[in-house]
Amino acid sequence: MNLYRSQALAAAAQPTLAGVPTRPIRTQWLLAASITTILSLAIVLLARTSFSPTATVQGRLEPALGTVRVRAPAGGTVSAVYVTPGTRVTRGQPLLRLSAGLVLESGAAAAALGETSFRARLQLLDAALDQISERAERRRNRLRQQRQALDSKLSLGAARARVLRERLTMLAQQRRRWLDLGPQGPIAPVQLDALAQEALQLRDQQLVHAQQMEDLHEQRDELDTALAELPAELRAQRAEVARDRAAIELERVRWLAQQGRELQAPRDGTIEHVAVHVGQIARAGAPLLTISRPDTPLQVALLVPDAALAFAQRGQEINLRYHAFPHERYGSFCAVVERISRTPLSAQELEGQPHTPGRPHYALRGRLCTQEVHAHGRTMTLQPGMTLEADLKVGPRTGLEWLLAPIRRLQDRW
């Protein structure tokens, strides 16, 4: 009996109808069919259903009318920073101080004394330049007056020369008339000799006068030459002063490089961002701080990597989450894309901003839907420089593409 226990158990387990065995229900087949149907429907649903994934990018708020970045004119160490974010500045106001090499603190009094010395030397050169112009003008006027006097003398000399010629002509005519009368005429020889003597004297006077006129012409030529050379002499003197001024300016630049240089605000505005601190070494061209125009609306500035930029377009709405206002409590905010740069940002432009190293980034600007945040029963105005996160749509994808993405990445690697 124990030998056939397994067969007896199998017979007892098989259902019968009036002693006739019946066929069992195939539950496994039904389960497999159900699972296959569900998987088929899921695949169809994933293939036909699309969604738009988003990429989270970093950004901040900045004035919509543009900003001015103050960059280091030369390499050096930041020895002093006079402003902080939010400070209102005017054109020409000192912002920070750069020193060559390590931080050199020689004192404001020594710096002011050295600057005063250079300014005094430059003022002396300016005064010398004014004196050169004044002397040149006085000399020009004097030469012109002398030439006018010579012109007057030459006019008088020409008139006297005509008088002498006319007098000689009259004497010659008188002598011919006397000679025409003959020896029997009333003219004595003594009178003829006196007439000849007077003619000789007039000729001597004419020769002397001609020499004087020649001397006057030479003097006038010399005055004309001096007047013609005066502009060249003035330019040469001014060039010498300019060389001296350039030497002083070069000396001042070297002195500033040693003592430190104060950078001034290029225009009125508000300090939006300070990218350096005291003791930090800044290379030439590095951004130091940013100045925005006062009382201008804000816009969102995003650094978008190339992978998230393909489907970005103008008019697209993006969701913002301000770090100062956690979205779990205050919710998210909106902005609309207005401008997208066509060229990637340079390394200097990316310096001091959150970005992914080794990837090109593009600048995206968006218009805020609101310039205010309502919290705790009051309205707070957004401030320039506030950091944020933004969700940017990167293009439609189906559920099936999302599931197969890891496999495709593996295929691309292999």
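Entry on the model. I note that this is a predicted model, in which local features need pLDDT of at least 70 and side-chain atom pairs count only at pLDDT 80 or more, while totals for chains, interfaces and linings use all residues. Residues are numbered from 1 along each chain as its sequence is written, and side-chain values use heavy atoms, with hydrogens and water left out.

Entry on the whole chain. I find 7 helices and 20 strands in the protein chain, taken as DSSP runs numbered from the N terminus (helices H or I, at least four residues; strands E, at least two). Of its 414 residues, 28% count as buried. For contacts (heavy atoms within 4.5 Å), I took those with a separation of 6 or more, and residues 24 or more positions apart account for 80% of them.

Entry on aromatic pairs. I searched the whole structure and found 2 aromatic pairs, using ring centres within 6.5 Å for Phe, Tyr and Trp (its six-membered ring), with planes under 30 degrees apart called stacked, over 60 edge-to-face and the rest tilted. Tyrosine 322 and phenylalanine 333 make a tilted pair, 5.0 Å centre to centre with 45 degrees between the planes. Tyrosine 322 lies in strand 14 (residues 317-322) and phenylalanine 333 in strand 15, 11 residues apart. Tyrosine 322 is buried at 3% relative accessibility, and phenylalanine 333 is buried too, at 14%.

Entry on the disulfide. My search of the whole structure gave 1 disulfide, defined as a pair of cysteine sulfur atoms within 2.5 Å. The disulfide joins cysteine 334 to cysteine 369, with 2.1 Å from S to S. Cysteine 334 sits in strand 15 (residues 333-340) and cysteine 369 in the loop between strand 16 (361-368) and strand 17 (372-375), so I record a link between distant parts of the chain, 35 residues apart. The torsion about the S-S bond is about -135 degrees, so the disulfide is left-handed. Cysteine 334 is partly exposed at 24%, and cysteine 369 is partly exposed at 41%.

Key: Buried means under 20% relative accessible area, exposed over 50%, partly exposed in between (1.4 Å probe, protein chains only).
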